[in-house]
Amino acid sequence: MREAGGLIIADEVQPGFGRTGTHMWGFERHQVVPDLVTLGKPMGNGFPIGAVVGRKAPMDRFGATARYSNTFGGNTVGIAAADAVLTILHRDRMLEHAHAMGERLKVGLEHLAKLHDGIRGIRNAGLFCGIDIGLDGMGGASRRAMALEIVNLMRDDGVLISTTGANEDTLKVRPPLICQSEHVDRFLESIECALKKAVAQV
């Protein structure tokens, strides 16, 4: 990429700030050193703040070739919110916590996959999890419909997740980093119930 004159940009809005459990940033898991890193939602724990961090060369080039202004850039309230988030992440050892809860989630899902049809695959890094949905021989449209049915059944049960992927037949599960064992267990109960109902309707 760099030899062709391009920049490597890591978007850390979803995996960043320790969600993967083993690294502070998602790009670290892949041993990539990006030119620019974009940070967003988790940075302020709900407060609207974002950032771009980068190497000196692309930042200097941008500053020399583009006029940029941001009315709300760098306000003190946003900085205080982001500083508080970083303080809590380190104080409460949230990376270790995300790793432990992610392992509990993974083990629970693997157990469910052995008991019930409908889970084609499980991928997770800490509290960032994808669950591929569908039965053997099921086409893409049917897998997508089944995944959406599980999302809706879980919503009715008070548990919120979404779908993702090119076919939207993968459940995207990203619990709050502060979730505890009982919350993981509650999720597992809800998805098991939803999965059984969705499979029965096929």
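**Entry 1, Glu168.** I began with Glu168, which at 41% relative accessibility counts as partly exposed; I take buried as under 20% relative accessible area, exposed as over 50% and partly exposed as in between, with a 1.4 Å probe and protein chains only. Glu168 has its place in the loop between β6 and β7, and its phi is positive, about 55°, although the residue is not a glycine. The element names follow DSSP runs numbered from the N terminus, helices being H or I of at least four residues and strands E of at least two.

The model is a predicted one, in which local features need pLDDT of at least 70 and side-chain atom pairs count only at pLDDT 80 or more, while totals for chains, interfaces and linings use all residues. Residues are numbered from 1 along each chain as its sequence is written, and side-chain values use heavy atoms, with hydrogens and water left out.

I then looked up Phe17, a residue other than glycine whose phi is positive and near 60°. Phe17 sits in the loop between β1 (9-11) and α1 (26-29), and at 5% relative accessibility it counts as buried.

I counted six helices and seven strands in the protein, and read their order from the N terminus as β-α-β-β-α-α-α-β-β-α-β-β-α. The C-alpha atoms fill a box of roughly 60 × 40 × 30 Å along the principal axes, and 37% of the 202 residues count as buried. Of the contacts (heavy atoms within 4.5 Å) with a separation of 6 or more, 61% come from residues 24 or more positions apart. The accessible surface, by the Shrake-Rupley method with a 1.4 Å probe, comes to about 12,000 Å², and 55% of it belongs to carbon and sulfur atoms.

For the charges I counted Lys and Arg as positive and Asp and Glu as negative, leaving out His and the chain ends, and placed each charge at NZ of Lys, CZ of Arg, CG of Asp or CD of Glu. The mean positions of the 23 positive and 23 negative charges are 4 Å apart.

Helix α4 (residues 94-115) has 22 residues, which should span 32 Å at 1.5 Å a residue, and its end C-alpha atoms are 31 Å apart, which agrees; the expected span is 1.5 Å times one less than the number of residues. Its buried residues are Met94, His97, Ala98, Met101, Gly102, Leu105, Gly108, Leu109 and Leu112. They cover an arc of only 135° around the axis, so they lie on the same side of α4, the arc being that of the directions from the helix axis to the C-beta atoms. An α-helix has 3.6 residues a turn, so residues three or four places apart point the same way. The face turned away from the buried side carries the exposed Val107 and Lys114, while the cover over the buried residues of α4 includes α3, β4, β5, β7 and α6.

I repeated the check on α5 (residues 140-156), whose 17 residues reach 24 Å from first C-alpha to last, close to the 24 Å expected at 1.5 Å a residue. Buried in α5 are Arg143, Met146, Ala147, Ile150, Val151, Leu153 and Met154. They cover an arc of only 165° around the axis, which puts them on the same side of α5. These buried residues pack against β4 (119-125), β5 (128-133), β6 (162-164), β7 (170-173) and α6 (181-200), and the face turned away carries the exposed Ala141 and Asp156.

Val199 has its place in helix α6 and is partly exposed, with a relative accessible area of 25%. The C-alpha atoms of Val199 and Leu135 are separated by 8.2 Å, although the two are 64 residues apart along the chain.

Asp136 lies in the loop between β5 and α5 and is exposed, with a relative accessible area of 82%.
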